[in-house]
Amino acid sequence: MDPAPRPNALKSMGHRLSLTKLRRALSGRKKKLEEIQEPDEPYQTTPTTTKPEEGQEEEEEEDDDDDMNEGNTVIGLLGGGQLGRMLCEAANPLGIDIAILDEHNAPAKQAHNTNRHVVGSFKDPGRIKELAARSDYLSVEIEHVDTEVLEDIEKNGVPVEINGEIVTHRPPIHPSWRTLRLIQDKYLQKEHFKSSGKTIPIAEQIAIESGDAALDSLKKAGKQFGFPFMLKARKGSYDGRGNFKVDSEDDFAEAIKALGTLPLYAEKWAPFVKELAVMVIRTEDSDGKLKNCVAYPAVETIHEDSICTKVFMPPRDVSEDICEKARKLATEVISTLWGRGVFAVEMFLLEDASLMINEVAPRPHNSGHYTIEAVPYMSQYKAQLHAVLDLPVPDKLIPRVQSSIMLNILGGAKPDSHHHLSGLARSTYDDDMDVYLHLYNKESKPSRKIGHITLTGFCSVQELEAKAKPFIDLVDQIRLDRLEATSETLRPTQETNGSAKPAEKAPVEPATDNHVEAQELSAEAASSDKPLVLVTMGSDSDLPVLKAGLDILKEFNVPYALDITSAHRTPKYMMKVADEAAGKGIKVIIAAAGGAAHLPGMISSETPLPVIGVPVKATHLDGIDSLLSIVQMPRGVPTATVGINNSTNAALLAIRILGAFVPEYQQAMKKYQVDMEEAVIVKGTKLREGGDAAYLAGMKK
């Protein structure tokens with residue numbers, strides 16, 4: 001028998017082997033190199049043993065926490081919410097391990113007990129690489145992840161120490177980081193479909209310029225599309241958030257106020273009669289060549305308050321012909337992407353019975369929950385596992401029931417608002433309707449998805465809807481009570497001190513003592529509207545200068561507090577504010593002052609926090625006096641200083657400071673820099689192609 005591969009040979013092929021097989025090879029087990037499994041073969045999903053040769057003692061099992069269920073394939077999952085929880089529930093009986101990167105007690109971790117989990121943010125590059133080192137494959141529960149680190153892992157791998165040897169490990173990433181990066185920008189996503197060479201109908205769209213040029217861009221959109229048209233955020237939005245319906249030019253100011261700090265695009269209004277969705281399984285070989293796209297049945301989705309509340313399979317009052325066209329269109333769309341997995345394709349059914357693509361989600365989706373019971377042999381979660389691992393999937397997907405309805409359980413006005421609904425689900429038994437309750441073990445908060453109910457039957461969807469009326473009525477009542485109570489939701493539309501509140505995320509618990517502070521601060525920034533930046537000024541006359549910086553903080557979703565603390569007129573109050581800032585959770589202070597400009601330095605002398613001074617141009621000396629006053633602080637009282645009246649740079653510097661321990665802000669800053677570079681390139685191209693006269697004329701407009 002040939003000897004085991006040499007360690008140095010393994011170093012160059014670590015990306016081709018699962019961690020399990022690397023361990024076995026490096027432990028000295030004799031195995032022919034050609035017997036080592038290639039990535040396009042199905043991985044073993046159950047532990048395997050090797051019979052010892054004659055005269056050879058059987059090896060003792062290593063006492064290594066990382067080797068728990070060593071024979072099982074490990075999928076590393078970025079994100080551990082309810083989608084990850086249901087993925088784990090599908091993986092458990094298949095003997096597939098899921099290593100989850102998220103907070104300590106995330107819903108998915110509750111459903112799958114393994115010591116491979118990683119505690120931290122799924123946007124933290126270091127934590128993502130740690131997860132990669134523990135996994136045979138990487139996948140995502142949410143598309144809003146750092147694609148740059150995923151690209152780096154694919155190209156360069158991560159070092160893994162196994163039995164004293166360092167090998168380079170490159171876990172396959174599905175879906176591909178290319179797909180995730182494309183999907184993150186809804187405008188580019190649709191431009192991709194339009195230029196794919198396939199007949200994929202999308203709404204007409206144009207990019208909207210930012211800043212002072214936004215108004216002219218909106219006027220152009222109104223002239224090109226007519227009214228109404230949709231103004232949408234290109235990145236970061238979901239469940240209909242980040243959308244604004246523009247009915248006339250009178251809405252321009254409000255639209256800019258609502259979304260103007262975000263990268264935007266305008267879309268021609270689609271006169272739809274229903275919203276449909278189709279889940280698609282995408283498979284490809286190890287070389288990235290498409291093998292197949294298999295569609296689930298089309299469903300009808302109902303959105304209320306920009307959140308999906310109900311799903312009907314099949315769609316009500318929609319012909320089988322249209323449903324089949326929706327499935328074929330969905331497979332065409334997904335065939336243009338990269339990587340294996342399950343994808344959701346959302347589309348509009350228009351008044352003329354044609355279809356139009358809305359957007360794609362590169363993961364299991366709310367509209368596919370019904371498949372757990374309606375397509376039990378290959379639910380969307382089992383399909384995700386099979387696709388990622390390149391295991392067999394059916395050539396066609398046929399439901400085992402005639403109809404199905406999925407109802408989302410959303411948090412109501414009170415923490416127990418949903419109890420009657422879940423109680424009804426537990427106690428209902430019917431000869432012609434089956435009821436399945438799924439609770440995610442998440443704290444109930446207004447509008448939060450905390451569970452769902454699936455109802456199935458061997459009758460028409462209209463008959464099932466009639467039988468399900470008590471459930472539907474309760475879902476509607478919870479919504480009405482929530483609206484009546486005008487409870488604050490967890491969506492990023494609420495504002496505190498003019499700053500948009502970040503999307504809800506549970507606190508992150510520390511994995512090791514070395515990461516306690518950073519993770520606690522990251523959790524604070526991501527889960528609360530508690531101010532992280534104090535913006536203060538010596539006089540309200542300084543506020544106009546600070547407006548640009550406040551707009552930047554809003555753009556980055558940084559919660560902030562405002563105050564007036566004069567170093568000369570209210571010195572005691574100023575000292576009190578500076579002394580108490582750190583204890584209130586403030587991490588950075590921006591202080592603006594003109595003339596003598598003592599405020600930034602005085603605050604810096606009373607706080608351990610970083611202080612950024614903004615010199616304000618006063619009546620005399622053009623602000624030079626303010627600049628020199630702040631810059632010339634004595635040793636031991638450091639005070640950062642930006643250009644005169646440049647509150648923009650003060651805010652950007654504050655965000656960079658926050659980014660040192662909050663990965664979300666660091667990644668947002670990277671994107672800001674990329675967007676800034678792209679904007680300059682676009683302007684340069686426009687100037688070169690059109691010449692200076694045309695460019696100047698455009699600037700005047």
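Predicted model: local features only at pLDDT ≥ 70, side-chain atom pairs only at ≥ 80, totals over all residues.

Author: Helices (H or I, at least four residues) and strands (E, at least two) are DSSP runs, numbered from the N terminus. Residues are numbered from 1 along each chain as its sequence is written, and side-chain values use heavy atoms, with hydrogens and water left out.

Reader: Is Ile624 buried or exposed, or partly exposed?

Author: Buried means under 20% relative accessible area, exposed over 50%, and partly exposed in between (1.4 Å probe, protein chains only). Ile624 has a relative accessible area of 42%, so this residue is partly exposed.

Reader: What span should helix α11 have?

Author: The expected span of a helix is 1.5 Å times one less than its number of residues. Helix α11 (residues 320-335) has 16 residues and should therefore span 22 Å; its end C-alpha atoms are 23 Å apart, which agrees.

Reader: Which residues of α11 are buried?

Author: Among them are Ile322, Cys323, Ala326, Leu329 and Val333.

Reader: Which strands pair with β10?

Author: Two strands pair if DSSP finds at least two bridges between them. Strand β7 (residues 205-208) runs antiparallel to β10 and is joined to it by four bridges, with Ala207 opposite Tyr265. Strand β8 (residues 229-233) is also antiparallel to β10, over five bridges, and there Met230 stands opposite Glu267. In β10 (residues 264-268), four of the five residues are buried.
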